[in-house]
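Please work through the exercises below with the sequence and the structure open beside you, and try each task before reading its solution.

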Amino acid sequence: MKYYIIAGEASGDLHGSNLMKALKEKDSNAEFRFWGGDLMQKQGGTLVKHYRDLAFMGFLEVAMNLRTILNNIKICKEDIKNNKPDVLILVDYPGFNLRIAKFAKELGIKVIYYISPQLWAWKEGRVEIIKKYVDQMMVILPFEEDFYHKHGVKSHFVGHPLLDAISSLQEINIENFKSENGLNEKEIIALLPGSRKQEIEKMLEIMLSVRPHFENYQFVIAGAPSLEKEFYQKYVDDNVHFVSNKTYDLLRCSKAALVTSGTATLETALLNIPEVVCYRGSKISYAIAKRLVKNIKYISLVNLIMDREVVKELIQSELNTKNLVEELNFIIEGKKRSEMLDDFKLLREKLGGKGASENAADIILNLKK
């Protein structure tokens, strides 16, 4: 079969690559053409456009780059029309992918959505677009299946693909990791500031403000795979280090982490590392988001899945040095750390174990029979 996959960011690249791997194991004639990143490219096929050229964050940035976004949509439509895939697989990234779903469906191509947009949080009206143009929803959060069934949309909870990625990791030796990456003997506090330059610059400034309070630890920045090493050099010194494309290894060697809101909050929890969730957007973007997001108590996937506060979320004005120092102290030692680790165990159980990529591949193949 000919598969056309669209993933518009780093997390989509990870999940898309694992899905491609599962499809290749079940379909010896699998051919891939895709929008994604380095991980998907390693699985073979043709990369049409890298996600680093697609990722625009926030309302203002989207507005400023609207011409580029519209041109990318045009390129994608023409490429799909010229290559005539059997199946179009959309991975999250709704602003772009829902436009492509309509186009592909009108061409008679089967449309599958893997990893739902967060319509339960905002823009619920987009469910009608999915109902009309998507043949099958494959969701990765337990409560999403009920959400779609309520709206009359076919959906399957396949499990969370992060469990697949994490279960395949080899054991790691912390001392070897430190030596190989030029780190000192101190315990590590990992900093995950995001994947976009604008976001990283904003988050690292506040994250690194806690350094004077934790002189017995070294801080290590997890570099985004799409950004060059030189970008991070202005933050590096004797006790602030940087590793690129080794986020899982870094987390597994860390005592705790400061994590920008996003998929990384769930990855950190599933790797069993206590964390503080951080978010600060522009005042305009945040004000707009607050008006649009409805009835959502949390911003981190960990808390959303557990439906209670498991990890502390410091948002906008609450994200300051004083609060970061206090929360980081809570999770480095003591009762709150042990409670958080117990909750992470419950989280993994709630997500149902590994196998999401294989389950998704089975559904895709059965849809074409």
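Predicted model: local features only at pLDDT ≥ 70, side-chain atom pairs only at ≥ 80, totals over all residues.

Residues are numbered from 1 along each chain as its sequence is written, and side-chain values use heavy atoms, with hydrogens and water left out.

**Exercise 1.** Compare the span of helix H1 with its expected span.

*Solution.* Helices are DSSP runs of H or I with at least four residues, numbered from the N terminus. Helix H1 covers residues 10-26, which is 17 residues.

**Exercise 2.** Decide whether Glu 25 is buried or exposed.

*Solution.* Buried means under 20% relative accessible area, exposed over 50%, and partly exposed in between, with a 1.4 Å probe and protein chains only. Glu 25, which is found in helix H1, has a relative accessible area of 56% and is therefore exposed. By contrast, twelve of the 17 residues of H1 are buried, so the helix is largely enclosed by the rest of the structure.

**Exercise 3.** Find which residues Asn 97 touches, not counting those up to four places away in sequence.

*Solution.* Asn 97 lies in helix H5 and is buried, at 0% relative accessibility. With contact meaning heavy atoms within 4.5 Å, Asn 97 touches Ile 6, Leu 90, Val 91, Asp 92 and Tyr 113.

Notes. Helix = DSSP H or I, 4+ residues; strand = E, 2+ residues; numbered from the N terminus. Expected span 1.5 Å × (residues − 1).
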